[in-house]
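Have the viewer open as you read.

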Amino acid sequence: MSVRVVLLFAAVMVLGGCTKDYVTGGYTFNLYNEDQEVAMGAQADPAIVAQYGLYPDEELSQYIDRLGQQVARTSQRPQLEYTFRVLDSPVINAFALPGGYIYVTRGILAYLDSEAELAGVLGHEIGHVTARHSVDQISRAQVAQLGLGVGMILAPELQRFEGLASASLGLLFLKFGRDDERQADELGVRYMGRLGYDPAQLSGVMGMLGRVTSGGEGGGTPEWLSTHPNPENREGAILQLAETAEVTSDPPKVLREAFVERLDGLVFGENPREGYFRDAHFYHPDMRFQMEFPSGWQTANSRQAVQGLSPQEDAVLALTLGEGTGAGAALRSFLAQDGIQGAGLSEASVNGLPAAAADFRALTEDQVLDGRVLFLEHAGTLFRILAYGVSSSWAGNRSAARTALESFRPLTDPTYLNVEPLRIRVVRVPRAMSLDGFLAQEGAQDRGEEVRLLNRLEGNPRLQAGQVLKIPTGGRLPGDH
Ligand SMILES: [Zn+2]
């Protein structure tokens with residue numbers, strides 16, 4: 001269960017954990033000294049990186065780190081060693097681990113509109129670290145999940161399975177208390193002012209987060225919607241703080257254009273190169289394979305696994321990378337685990353790929369699971385596909401699962417291979433014109449709402465000549481013309 005526990009800690013500091021619930025509760029991290037706090041962050045950081053991946057843009061990452069370090073130096077804990085990472089996720093979020101690990105997603109970066117806003121987001125997260133905010137509340141459900149005790153052997157898969165069952169493959173988003181959020185805002189405002197940034201810009205971020213998640217379009221995620229109440233009520237409070245904040249620069253710095261230009265080329269939204277579904281059919285262009293999941297199953301693709309969950313939520317299917325040198329050896333070592341009994345071993349190839357498969361029964365602490373495992377070698381990579389469910393109902397899922405396992409095959413069709421993500425393009429308005437006119441000129445009429453959100457525009461404003469706008473462009477999926 002250690003992975004799950006780590007992720008729980010990882011989730012404690014979420015920018016939008018701006019909950020309206022009043023939460024009492026202790027500052028449990030105050031029970032830890034600084035060394036322990038830092039160790040906690042250092043231990044969880046690899047799990048975060050594995051879950052989301054780092055966004056592969058060295059220049060952007062260095063820029064975020066430079067700015068973050070500056071903000072951190074103005075904080076009450078300037079001596080702490082801070083680490084800033086850009087995660088390769090379309091989810092709009094930023095969060096911090098105890099001990100000074102701060103994360104922003106590429107998703108939130110696209111929606112930030114000035115360096116001052118970024119400084120505010122980083123400052124808010126640093127505020128959680130400097131104030132040593134703790135988990136105020138773990139819901140009963142989450143405690144129940146933690147205590148599921150499904151046994152050691154298949155626990156990692158089952159943990160993801162639970163995540164899928166609750167329609168969230170992300171981290172468990174724990175909510176901060178309202179007071180913690182207010183304090184982090186206050187600290188963020190203070191740090192911004194100390195660096196000369198206009199602290200009022202942080203309220204723009206909160207307004208954007210409210211807008212981006214309340215509309216269906218625009219990249220907001222269900223996770224965000226369900227776990228982060230609309231932060232709208234904070235905007236006024238932040239503006240008030242900003243009015244009295246000490247700002248070391250006159251006029252205060254906003255730095256919109258220089259910031260926006262750094263976002264040119266940023267991947268926007270889901271990246272289909274990393275795998276995508278078309279109904280139950282999964283395509284992975286970069287790894288050049290495809291697979292058909294049982295119809296009617298919930299599916300999800302994450303960096304660590306492609307997964308399916310049966311309609312009755314009594315069986316799962318998980319495709320991951322295998323460990324070992326070959327399919328046969330990997331299968332034997334899988335079956336050699338304590339508590340696993342294999343049957344019907346086969347080393348017949350699957351769709352021309354070297355493979356090894358077996359049925360198995362797993363005896364966990366409190367239940368019996370039946371399943372089938374298949375290892376396959378494809379393009380120099382070993383894959384593992386595991387399907388299993390509770391023993392009592394496995395008969396009803398067995399054949400669909402087996403069909404799905406054996407549908408894994410190479411992907412060669414250029415229609416599905418040659419997909420591209422949307423990217424942010426930074427465009428300069430050539431002459432004064434209306435936003436609608438500009439969108440028409442750019443062929444981006446159907447992206448109007450997104451463009452408004454991305455650039456903090458409303459309605460159909462008059463744009464100035466030379467004004468810089470972020471527009472999502474490109475992107476290609478099968479069926480696009
Ligand atoms: Zn927060």
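Which residues do ring pairs link into a cluster? They are Phe277, Phe282, Phe289, Phe293, Phe383 and Phe408. Before going further, note that this is a predicted model, where local features need pLDDT of at least 70 and side-chain atom pairs count only at pLDDT 80 or more, while totals for chains, interfaces and linings use all residues. Residues are numbered from 1 along each chain as its sequence is written, and side-chain values use heavy atoms, with hydrogens and water left out.

**Aromatic rings**

The structure holds 15 aromatic pairs, counting rings of Phe, Tyr and Trp (its six-membered ring) with centres within 6.5 Å. Planes under 30 degrees apart count as stacked, over 60 as edge-to-face and the rest as tilted. Tyr283 takes part in both of the pairs tabulated here.

| Ring pair | Centre to centre | Angle between planes | Class |
|---|---|---|---|
| Tyr276 and Tyr283 | 5.4 Å | 25° | stacked |
| Tyr283 and Tyr416 | 4.2 Å | 5° | stacked |

Helices (H or I, at least four residues) and strands (E, at least two) are DSSP runs, numbered from the N terminus. How covered are these rings? Tyr276 is buried, and Tyr283 is buried too, with a relative accessible area of 7%. Tyr416 is partly exposed at 23%. Here buried means under 20% relative accessible area, exposed over 50%, and partly exposed in between (1.4 Å probe, protein chains only).

Two rings also carry a charge over them, meaning NZ of Lys or CZ of Arg within 6 Å of the ring centre and within 35 degrees of the ring normal. Lys253 has its charged end over the ring of Tyr197, 4.5 Å from the centre, and Arg262 lies over the face of Tyr63 at 3.8 Å.

His124 lies in helix H5 (residues 115-130) and Glu181 in helix H8 (residues 178-194), so the pair ties together parts that are 57 residues apart in sequence. Both His124 and Glu181 are buried.

**Sheets**

Now for the strands, which pair if DSSP finds at least two bridges between them. Seven of them form an open antiparallel sheet in the order E9-E10-E11-E15-E14-E13-E12. Its edges are strand E9 (298-301) and strand E12 (340-346), each pairing on one side only. Inside this order, strand E13 (residues 355-363) runs antiparallel to strand E14 (residues 368-378), joined by nine bridges, and Arg361 stands opposite Asp370 in E14.

Another open sheet has three strands, E5-E17-E20, again with antiparallel pairing. Strand E17 (residues 420-428) and E20 share eight bridges, and Leu422 has Gly474 in E20 as its bridge partner.

Strand E2 (residues 83-87) pairs in the parallel sense, with five bridges to strand E4 (residues 101-105). Arg85 stands opposite Tyr103 in E4, and four of the five residues of E2 are buried.
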